[in-house]
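Subject: The structure, and what turned up in it

Hi,

Here is the structure for you to open alongside this email. Have a look first, then read on for what was found in it.

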Amino acid sequence: MTAAKLGLRVALVDRKRFPRDKLCGGGLTGRAMAHHRRIFGTDRPDVPLEVRREFAFHAFGQDLGMTRDAPPIHLAMRRELDHHLVDRALAAGAVDVTGHALDLDLGDPAGPVLFNQTMRLTAPLLIAADGVNSPTANALFGQAFDRDRIGFALEIEHLGADPARPLRIDFGAAEWGYGWQFPKTTGTTVGVGGIMARNPDLKAAMKAYMARLAIPEGARVKGQFLPFGDFRKRPGQGRVLLAGDAAGLVDPITGEGIAHALHSGELAAQTAAQAIREAHPEAALGRYTTALRPIHSGLTMARLLRTIMFRRALRPAFIRSFRESRSLREEYLRLLAGETDYAPLMRKTAMRMPGFAARALFGR
């Protein structure tokens, strides 16, 4: 939508038509809502949203308490949200090429080519927002992600509105990961996710988490890889820019990806438009990489904080700090609201856990 509004001719390509399902908690944080307002010019997406201001935090089986009157999180079904975004892009002038499986040819000097037996699309630049399993990243780098660093998640949709269920986050419901209970207008999304290499039996973790939440078995379990902060420092190659999950832009602690997907898509379109206006499309990638530096910096800081949270020797100190420090919890909620970044949260953690940095970094 941003690219079309900036005057570019845009084809929206996807092998599936929308609406379609996607594994996602569907939490729109304050950061995501701020990006949506700036990009789309409306206060909120035109989809059913459940709004929650109360959060139940748990960590490694311990109750860390309920936080009330927090900055709101808006909860949506990704099937509806993605369909809404597609509609907005098409309304802005993008050409609908969804529902077509196209191969990618990166060898043409004029730019990327997408084709099948009946269709051929050429462009000076390609923005690939094709997810964690990105065929584009695979074509560029030989693999879409590093299997030693990738995360994996399982999720179900428990149907039936249940307003009494709290929005709940469980750090450690999976190894080096977390669990989530996100109530929606039509049901509750429940899932667990963590570093895949540390979770040889994630199905057992999911079953245990559902039992803890009194969620009956029987719903279809969906699975998907999660980048979890394993971002690409160079988000593309040549005339191809990677955005969202394809570029690894997922928070390694919260698993939040929607905000970074919205923002990176906008930045990719803006840098593409500038480079094309200057008749120098090869310049887009360098400018886009520079524009992503604040996001990359935040994800790097979050990876360090994740080490502090999940290293077994440091867990008791983290649990005690998060439970006893109201300011630490408030800083975390301000982070979700987009009012701050990870640096202040790291400073507060450091003050609550003296000497944590060396132990976290060197395993002491």
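This is a predicted model: local features need pLDDT of at least 70, side-chain atom pairs count only at pLDDT 80 or more; totals for chains, interfaces and linings use all residues.

Another open sheet has seven strands, which you can follow in the order β5-β4-β13-β14-β15-β12-β16; its pairing is mixed. The edge strands are β5 and β16, and each of them pairs on one side only. From one strand to the next, the twist averages 15 degrees.

In one, β12 (residues 151-159) and β15 (residues 187-195) run antiparallel and are joined by nine bridges. Glu155 stands opposite Gly191 in β15. In the other, β4 and β5 are antiparallel too, with five bridges between them, and Ala56 faces Met66 in β5.

β4 and β5 also form a hairpin, with two residues between them. Which residue in the turn has a positive phi? That is Phe60, at about 50 degrees, although it is not a glycine. You will find Phe60 in the loop between β4 (55-59) and β5 (62-67). Its relative accessibility is 21%, so Phe60 counts as partly exposed; the cut-off for buried is under 20%.

Phe228 also has a positive phi of about 50 degrees without being a glycine. Its loop is the one between β16 (222-226) and β17 (236-237). Is Phe228 buried or exposed? Phe228 counts as buried, because its relative accessibility is 1%.

Why point these out? Most residues other than glycine have a negative phi, and most peptide bonds are trans.

A cis peptide bond joins Phe18 and Pro19, with omega at about 5 degrees. Pro19 lies in the loop between β1 (11-14) and β2 (27-28).

Lastly, a look at Arg78, which belongs to helix α3 (residues 78-91). Arg78 has a relative accessible area of 15%, and therefore counts as buried, given that buried means under 20%. What does Arg78 touch, leaving aside residues up to four places away in sequence? The contacts are Lys22, Cys24, Gly26 and Ile258. As for Asp170, it is 92 residues from Arg78 along the chain, and the C-alpha atoms of the two are separated by 21 Å.

- Phe60, in the turn of the β4 and β5 hairpin
- Phe228, with its positive phi of about 50 degrees
- Phe18 and Pro19, for the cis peptide bond
- Arg78 in α3, together with its contacts, including Lys22 and Ile258

Happy browsing, and do write back with any questions.

Best wishes

Key. Residues are numbered from 1 along each chain as its sequence is written. Side-chain values use heavy atoms; hydrogens and water are left out. Helices (H or I, at least four residues) and strands (E, at least two) are DSSP runs, numbered from the N terminus. Buried means under 20% relative accessible area, exposed over 50%, partly exposed in between (1.4 Å probe, protein chains only). Two strands pair if DSSP finds at least two bridges between them. Axes are lines fitted to C-alpha atoms, for helices over the stretch in contact, and angles run from 0 to 180 degrees between N-to-C directions. Contact means heavy atoms within 4.5 Å.
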